[in-house]
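Hi,

Here is the structure I said I'd pass on to you.

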Amino acid sequence: MRKTSEYYTGVMDITPLAMGVAVYGVAFGLLAAQAQMSSLQTAMMGLFVFAGGSQIVATERLVADAGAIAAITAGVALNLRMLLMTAALRDDLKGRPLWQILLGAHYTTDENWALLHAKRAKGVDVGYWYFISGGAFIMLIWIISTVAGVSFASLVPEPKSIGVDFAFTAAFIAILCSLWRGKEDLFPWIISISTAVLLASLAPIETSWALVIGGVVGALSAGVLSGKSRDYDLESVGG
Amino acid sequence: MSEQDIVIIGLALATFAIRIGGFYLGSRLPETGFWAASFNALPGCLIASLLAVMLVAGGTQEYIAAGLSLTIALTTRNLPLTMVAGILSIWALRHFEMFV
C-alpha cells in the first residue's frame, strides 16, 4: 500500500478505538485532577509517557500517597508487556532510519499494535506508516481528552455508570477473533488464557506479570508445537 | 521539582526504555525455527492473556457481556459494532440489575 493511503486507512481503522481511548482519557484526567496535576503536566505526561494504563496506575498511587518510587514501579510493571509488543515489531522497524525506529517504538500502543496484526491476519497488506498514523491519532485524542478531563473534572459522569468501561474488553474480543490464524492457534491460546487466569487469581503477584507470563508461555508452546509438526512432516516425507 | 514531575519524567524514561529495549531484544532473536514460530504466535497469545486478566477481575455480568460481544464479533467481524454491542449489553445488565 502507498504511504498516503496507509496514513488514511490507519486513521480510519483506529477511529472506533480512539473513541474508547477518549473515554479513558477523560477518566484519567479526573484522576490527574485528584493528584493535583496541572493541564500542562497532564499534557506532558500524555506526550512523553503515552501509555494510558500505566499513567492511570501511577497516578492512582500518587493519589494514595504511596510516593514517587512506588508510583513509577507500578506504572512500569503494567508496561512490561510492551517489551513483547515492540519485539514483535522487529521486521517492521529493522533497517529504517533511527528516528523512525524511535518514533515507531514510542507510538506503540495496545490499539494500533493489535490492529496492525489483526489486519495482517486478514491478509491486508499494511505496514509502518499504517501503524504510525494510528499511533499519532491515538496520541492526539489521548492528550486532548486527558487535558479536557483534568480541566473540567467536576462536569464528567463516572464511566462505569454508562457502561463505557467495557469498551476495550469488547474491542479486544473483536481483535482476538481477527487474530485467529487457524487451528494451530487453539492450543497456545488455551495455554495463555489458563496460565494468566491461574496466576492472576491464585499467585500473589501483580496482574501485569500474570498477563506477560501468560502471553510468553502461550507463544513458547506455539514454538514447541511447530517443532513437533515439522518433525512429523519430515518423518512422513522420509517414510 | 514536584512529586508529580518526578513521576512523569521517571515513568516516561522507563517506558521508552521498555519500548526501545523490546525492539532490540526482538532483533537479536533468530528468524526461523522455534523462535520465529513463537514470535508469530505472540500477538494472539498476548491479547488472549490480556483479555483473560481483564475478565478475571469482572463478575457474571461481565462474562455475559463478553459472551454477547464474542457472538457479535464472530458473526459480523466488525470492530465498532462489537464495541457498541459490548457497551450496550453491560449497560443493560447493570441498569436492570440482571445476573448481579
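This is a predicted model: local features need pLDDT of at least 70, side-chain atom pairs count only at pLDDT 80 or more; totals for chains, interfaces and linings use all residues.

**Chain A as a whole**

Start with chain A, which has 12 helices and zero strands. If you follow the elements from the N terminus, you get α every time: α-α-α-α-α-α-α-α-α-α-α-α. Its C-alpha atoms fill a box of roughly 75 × 50 × 35 Å along the principal axes. Of its 239 residues, 51% count as buried. Now take the contacts in chain A between residues at least 6 apart in sequence: 75% of these join residues at least 24 apart.

**Two domains**

Chain A splits into domain 1 (3-179) and domain 2 (181-239). Seven residues from domain 1 and eight residues from domain 2 make up the contact.

What does the boundary between domain 1 and domain 2 of chain A bury? The area comes to about 710 Å², and carbon and sulfur atoms give 80% of it. On the domain 1 side, Leu80(A), Leu84(A) and Leu179(A) lose the most area to domain 2, together 47% of what that side buries. Helix H4 (68-79), helix H5 (81-87) and helix H10 (167-179) of chain A each supply at least two residues to the side of domain 1 that touches domain 2. As for polar links across this interface, there are zero salt bridges and one residue pair in polar contact.

**Where chain A meets chain B**

Next, look at the two chains together. Here 88 residues of chain A are in contact with 65 residues of chain B. The chains bury about 6,400 Å² between them, with 78% of it on carbon and sulfur atoms. In chain A, Arg90(A), Phe166(A) and Ile173(A) lose the most area to chain B, together 11% of what that side buries.

How many salt bridges cross between chain A and chain B? There is one: Arg94(B) pairs with Asp165(A), and their closest N and O atoms are 2.9 Å apart. You'll also find 21 residue pairs in polar contact between the chains.

**The largest nonpolar core**

This core has 92 residues, and Leu17(A) and Trp113(A) touch the most other members. Helix H2 (residues 33-56) of chain B gives the most to the core, with 12 residues. Both domain 1 (3-179) and domain 2 (181-239) of chain A give residues to it, so the core lies between them. As a bit of background, nonpolar side chains tend to be buried together in soluble globular proteins.

**One helix to zoom in on**

Finally, go to helix H2 (residues 39-48) of chain A, where Gln41(A), Thr42(A), Ala43(A), Met45(A) and Gly46(A) are buried. What covers them? The cover includes helix H1 (3-34), helix H3 (52-63) and helix H9 (128-151) of chain A, along with helix H1 (3-28) of chain B. Just after H2(A), Phe50(A) takes a positive phi of about 50°.

Cheers

Terms used: Residues are numbered from 1 along each chain as its sequence is written. Chains are lettered from A and ligands numbered from 1 in the order in which they are written. Side-chain values use heavy atoms; hydrogens and water are left out. A nonpolar core is a set of buried Ala, Val, Leu, Ile, Met, Phe, Trp, Tyr and Cys residues joined through side-chain atoms within 4.5 Å. Buried means under 20% relative accessible area, exposed over 50%, partly exposed in between (1.4 Å probe, protein chains only). Helices (H or I, at least four residues) and strands (E, at least two) are DSSP runs, numbered from the N terminus. Domain bounds come from an automatic or database domain assignment. Contact means heavy atoms within 4.5 Å. Buried area is the accessible area (1.4 Å probe) that two parts lose on being put together, summed over both. A salt bridge is a side-chain nitrogen of Lys or Arg within 4 Å of a carboxyl oxygen of Asp or Glu. A polar contact is a pair of N or O atoms within 3.5 Å; within protein, one must be able to donate a hydrogen and the other to accept it, and residues adjacent in sequence count only if both atoms are side-chain atoms.
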